[in-house]
Amino acid sequence: MARWTGEWLPGTGEGTTAGDDQALRWRGERLGLPESGLGSAATGGSRVLAFVVDLVLAWLVTLIFVHPDLQNTAAMQAFNLWSGAAWAIITLISAAFFGFTPGMAAVGIRVGRLDGETMLGVWRALVRCVLSAVVIPSAVRNLDGRSWADRLTGTVLVRMR
């Protein structure tokens with residue numbers, strides 16, 4: 001079981017014991033991130049707010065091209081599909097090339113790679129996009145504030161300001 005949960009449960013992470021978890025003073029300390037301010041680990045609230053802003057932006061973009069009809073189930077299904085596609089395109093392109101989505105920029109967070117590279121890249125952005133669409137892998141975080149998407153792609157969400 002520890003192999004699948006990794007560091008998600010106290011005392012089951014690689015190279016950690018139950019006593020090591022009490023030694024953490026802030027999210028991201030093990031990653032070398034500062035306790036607060038620029039470059040510190042993003043909070044869960046800022047992650048959720050950025051996600052909501054991105055969803056609203058995708059909805060607004062979709063409104064330009066597709067008119068929703070609340071009385072027509074098929075039209076609303078089509079609208080929702082196009083809205084999801086708009087969200088995926090906005091998220092994938094902006095994260096891959098800029099390191100943040102419009103929602104992340106509005107909230108003041110960005111995706112940082114742990115290997116020090118500046119650009120996120122398409123495959124990392126794609127993995128993050130797919131796991132964000134599923135929601136649960138992006139919602140479950142470890143002691144460092146990293147989600148499953150962060151751990152799979154070797155990234156962490158940090159504050160830009």
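This is a predicted model: local features need pLDDT of at least 70, side-chain atom pairs count only at pLDDT 80 or more; totals for chains, interfaces and linings use all residues.

Q: Great, how many salt bridges does a search of the whole structure find?

A: Three, where a salt bridge is a side-chain nitrogen of Lys or Arg within 4 Å of a carboxyl oxygen of Asp or Glu.

Q: What does Arg-47 pair with?

A: Arg-47 bridges to Asp-150, with the closest N and O atoms 3.1 Å apart. The pair links distant parts of the chain, 103 residues apart: Arg-47 is in helix H3 and Asp-150 in helix H8 (residues 148-153). Helices here are DSSP runs of H or I with at least four residues, numbered from the N terminus.

Q: And Arg-128, which residue is its partner?

A: Arg-128 forms a salt bridge with Asp-150, at 2.3 Å between the closest N and O atoms. Arg-128 lies in helix H6 (residues 122-134) and Asp-150 in helix H8, so the pair ties together parts 22 residues apart in sequence. Salt bridges with shared partners join Arg-47, Arg-128 and Asp-150 into one network.

Q: Is Asp-150 buried or exposed?

A: Asp-150 counts as buried because its relative accessibility is 0%; buried means under 20% relative accessible area, exposed over 50%, and partly exposed in between (1.4 Å probe, protein chains only).

Q: Switching topic, where does Leu-55 lie?

A: Leu-55 is in helix H3 (residues 44-65), and counts as partly exposed at 37% relative accessibility.

Note on methods:
Residues are numbered from 1 along each chain as its sequence is written. Side-chain values use heavy atoms; hydrogens and water are left out. Helices (H or I, at least four residues) and strands (E, at least two) are DSSP runs, numbered from the N terminus.
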